[in-house]
Amino acid sequence: MAWKWIVRRTKESKPFFFAFATICGVVPGVIGYCVMQATNTRTENLESHLRRNARPDSLMMGQVNKERLAEYLGELQRKENTNDRYVAALRGETLTRKTYERIQPMPEQSETSANKEQKN
């Protein structure tokens with residue numbers, strides 16, 4: 001019943017429509033902002049505790065990501081052509097750090113080895 005009333009009022013009155021639309025957009029935004037502020041625990045003690053207790057694989061992945069980002073940003077600063085990264089990714093290939101051997105294709109299975117695996 002209330003929904004029909006709201007629909008009828010929005011059809012009849014533009015100011016009501018804009019007020020209703022504003023309420024529908026602003027109220028959830030304010031509630032979301034308040035929840036984010038209340039649950040944000042950005043403290044130095046918590047960060048240092050989490051870094052101390054990090055698993056070795058997490059630390060290794062963080063280091064690898066940092067190195068890859070530094071390499072990519074270095075290429076951008078030197079204005080090198082980085083389109084080959086995207087081409088390689090689309091082909092399922094991996095870029096290497098060696099400039100003379102920039103792209104390494106993924107190993108393909110030969111038909112004979114694939115046939116042998118199917119027979120077993």
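Of the 120 residues in the protein, 8% are buried, a term that stands for under 20% relative accessible area, with exposed meaning over 50% and partly exposed in between (1.4 Å probe, protein chains only). This is a predicted model, in which local features need pLDDT of at least 70 and side-chain atom pairs count only at pLDDT 80 or more, while totals for chains, interfaces and linings use all residues. Residues are numbered from 1 along each chain as its sequence is written, and side-chain values use heavy atoms, with hydrogens and water left out.

The protein exposes about 11,000 Å², of which carbon and sulfur atoms supply 59%; such areas come from the Shrake-Rupley method with a 1.4 Å probe, and for residues only the protein chains shown count as cover. Among contacts (heavy atoms within 4.5 Å) in the protein between residues at least 6 apart in sequence, 12% join residues at least 24 apart.

The secondary structure comprises six helices and two strands, taken as DSSP runs of H or I with at least four residues for helices and of E with at least two for strands, numbered from the N terminus. Read from the N terminus on, the order of these elements is α-α-α-α-α-β-β-α.

Two packed helices are described by the angle between their axes and the distance between the axes. The axes of helix 1 (residues 2–12) and helix 2 (residues 14–39) come within 5 Å and cross at roughly 125°, where axes are lines fitted to C-alpha atoms, for helices over the stretch in contact, and angles run from 0 to 180 degrees between N-to-C directions. Helix 1 and helix 2 are therefore oblique to each other, given that angles under 35 degrees count as roughly parallel, over 145 as roughly antiparallel, 65 to 115 as roughly perpendicular and the rest as oblique. On the helix 1 side the contact is made by Trp3, Trp5, Ile6, Arg9, Thr10 and Glu12, and on the helix 2 side by Lys14, Phe16, Phe17 and Phe20.

Within helix 1 lies Ile6, which counts as buried because its relative accessibility is 18%. Leaving aside neighbours within four places in sequence, Ile6 is in contact with Phe16 and Phe20; Ile6 and Phe16, ten residues apart in sequence, are 8.9 Å apart in space, C-alpha to C-alpha.

Ala21 has its place in helix 2 and, at 38% relative accessibility, counts as partly exposed. Between the C-alpha atoms of Ala21 and Thr10, eleven residues apart along the chain, the separation is 9.5 Å.
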